[in-house]
Amino acid sequence: MKVKSEQFREVAIEELKTRHTRSHLDVIGLFISEMRRASMGTFPDPSAALELGRAIRAESIERLPELLEEFERNATANGAVVHWARDADEANALILRIAQERNVRLVTKGKSMVTEETGLNDVLIENGLEVFETDLGEFIIQLLGRPPFHIQGPALNIPVQEICDLFMEKGIMNEPTLDPVELGHAARVFLRNKFHHVDMAITGVNFAVAQTGTIINVENEGNIRLTKSSPRTQVSVMTLEKVVPTMQDAMHMLRLLCRNCTGQKIASYVSMDSGPNKGREVDGPRELFIVILDNGRSSFYRDPEVREILRCIRCGVCMLECPVYGKIGGYPYGWAYSGPMGQVLNPLMLGLERTQDLYRACTFCGGCKTACPAGIDHPQKFLYYRAKDVEGDPRYKGKRRPWTESSFMGIFTWVTKRRWRWNLGIKAARPFLNRHVEQGFIRGMKGPVEGWFKSRDFPAMAEKTFHDRMQERGSRESGEPSRS
Amino acid sequence: MDNPSLFIPCMVDLFLPEIGEACLRVLRRLDLDPIYHPEQTCCGQPAIHAGYVKKAKDSAKHFIDVFGEDDAVVCPAGSCVCTVKDRYPDLLQDEPTWLRRAEDLAPRVYELSQYIVDVMGVEDLGASYEGRVAYHESCRVLRGLGVSEQPKKLIKAVSGAELVPMQGAEVCCGFGGEFSTNYPEISEVLVSEKAANYIASGADVLVACDPGCLLNIGGYLNRNHPEKRIMHVASFLAEAIQDGRT
């Protein structure tokens, strides 16, 4: 998948003007928030349930190496073949080889963020395979050639008319219609035909259970289940943080995932695979491959300051809670993962230099952190990335900031060390600021703060600061000697 | 009860000094005589948020030197309180002596309404205000400090004041310090929605506990809806105390 995170600002401004983006985000925000609140309320003690989820994910990540080995052992014992891939290229090549060795021509896919990350579809298609996304939203954006707009609703911003035109153009249906049910039916008929002839299925993984070697998929359309039960060969791709210790842990995380993702107590379809079809069973693949992808994760796992971001279960509640995402949608983030989930992950995967806006476009409202069922402190990570960027940390490809900013911060913090310096600073700044004042307010200024004044005024700097007023009043002192 | 010390954020000191005066009046109403350390400057939040953590240590250490021995430090800004409580320990983690001092100070730093309601145990200040009041839940007051009921209790106890619900009261106003100047287009959409929700609430005044939100929402209102008022909880209470007396 092409990385476009450098264009964050331009795309964000474009999206703010797009009526469809705005209205869909507003609707989904209100609707899912309400369902989420109601479904979380069905826990006897919602905050205890949240804390338990956080504890499970914290344990999973702390014990990650050991749990992955346990998972591999048990999955292998179930008859699955486990492969490890160091990076995206290795994973893609491996999956391509599995397909080619079996003369696979047609592949159906269940929605999977990780294969967006690796750009698997492009590799398979370049090598002559026919690949169909089977999640309705993913199917639409695959036909459009666009990135996902939202983790749960990859195409929810696409107007019905555009979908109709697209389906006509691509031969998905013969008669135009604006009825969403009819459009869904057309996609269903088209894909059902693909399922009949599919040679190989590729899915993601929501949870991998170390104790039992089971992989779990959660969905609402039934397409993953169809995809997994039709073909002879199934390839399930997971990143290494998907593992949880026990089935009981997985069940609790499932409760939290569904509630926080779509506001459901449980999704319409939950499938669990403990190995391939063992011969006596009526369906399921004859061979099951599980690909465990690292792609840089084990290297930042070593940094205890950022390890915690691997706890993410991709529920997307952080996007729902993020005021910025709620206005601009998924495109500006420019890669597979958007919203706070992507803002903590993408800078580590892609480097701090080309993801500047991802860890800066945040108001520190803390909505993501407060809701996160995995216990990730996103705002704190943004501060960490900013600090690493300022330092020009080579490990995370920090860029360093413009000298004007770093000198300003140097002077600013030096001034905060003594009140007399602070007072001198005020004296120097006041005439400079207040020459813009009309009727008590600064109405506009050039330079780095210019943006503020596009829609807002700012109060004039007081002729007498609070400090001046207290000094004049001869207020009570703390009794300590002056440190100036 | 020992007198608390007043921590006046730089934004209040320089641009909204009347909020500081209001804090004094409200605390004096409780028969407290707040201590003011004239050595105080800025907690360093702008530098911390911009990633200049090494430089920001200077600001943090100065703050700890100034306030470190106080029994209680009261501040009319949720986000500055969060900086001291949450960020200082992170910032100073590799300097054990300073870290200990930062951790020792953290639990003694309070947001104003939190101090009045939770520490002083007072809700009714004997104040009066005739009108409808909407309350904006500043992010780092609500989610940073878990303070939400305290200011509402204070408002409700003002005789004649009717606290009215406001849609999206807990949604960020789009300030975020440097965010508001770095991403003005996104910030504007958020603050304009906040203003619209305030106007739709039918309230006569919007009250908040953080000067950042006050600058942002107030600056937007001043430009676009100059007839609508936003007040810091301290200013609102101080004015209502005044009215309660007459």
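Tutor: **Two domains of chain B**

Chain B is split into domain 1 (5–117) and domain 2 (123–245), with bounds that come from an automatic or database domain assignment. This is a predicted model, in which local features need pLDDT of at least 70, side-chain atom pairs count only at pLDDT 80 or more, and totals for chains, interfaces and linings use all residues. Residues are numbered from 1 along each chain as its sequence is written, while chains are lettered from A and ligands numbered from 1 in the order in which they are written.

Start with the distance. The C-alpha centres of domain 1 and domain 2 of chain B are 22 Å apart. Now the contact (two residues whose C-beta atoms, placed from the backbone, lie within 7 Å). Domain 1 of chain B brings 26 residues to it, and domain 2 of chain B brings 27.

Look at the domain 1 side. Helix H1 (10–15), H2, helix H3 (45–49), helix H5 (78–91) and helix H7 (112–119) of chain B each give two or more residues to it. Helices are DSSP runs of H or I with at least four residues, strands are runs of E with at least two, and both are numbered from the N terminus. H2(B) gives the largest share, seven residues. By class, this side has 17 nonpolar, five polar and four charged residues. Here Ala, Val, Leu, Ile, Met, Phe, Trp, Tyr, Cys and Pro count as nonpolar, Asp, Glu, Lys and Arg as charged, and the others, Gly among them, as polar.

Stay with H2. The loop between helix H2 (17–29) and strand E2 (35–36) of chain B holds B:Asp31. B:Asp31 is not a glycine, yet its phi is positive, about 60 degrees. B:Asp31 counts as exposed because it has 9 C-beta neighbours inside 10 Å. The cut-offs are 20 or more other C-beta atoms within 10 Å for buried, 12 or fewer for exposed, and in between for partly exposed, with C-beta atoms placed from the backbone.

Chain A has a case to set beside it. A:Asn295 is also not a glycine and has a positive phi of about 50 degrees. A:Asn295 sits in the loop between strand E10 (287–293) and helix H13 (297–301) of chain A. It has 19 C-beta neighbours inside 10 Å, so it counts as partly exposed.

Finally, the chains meet. Chain A puts 57 residues into the contact and chain B puts in 58. On the chain A side, 28 residues are nonpolar, 16 polar and 13 charged.
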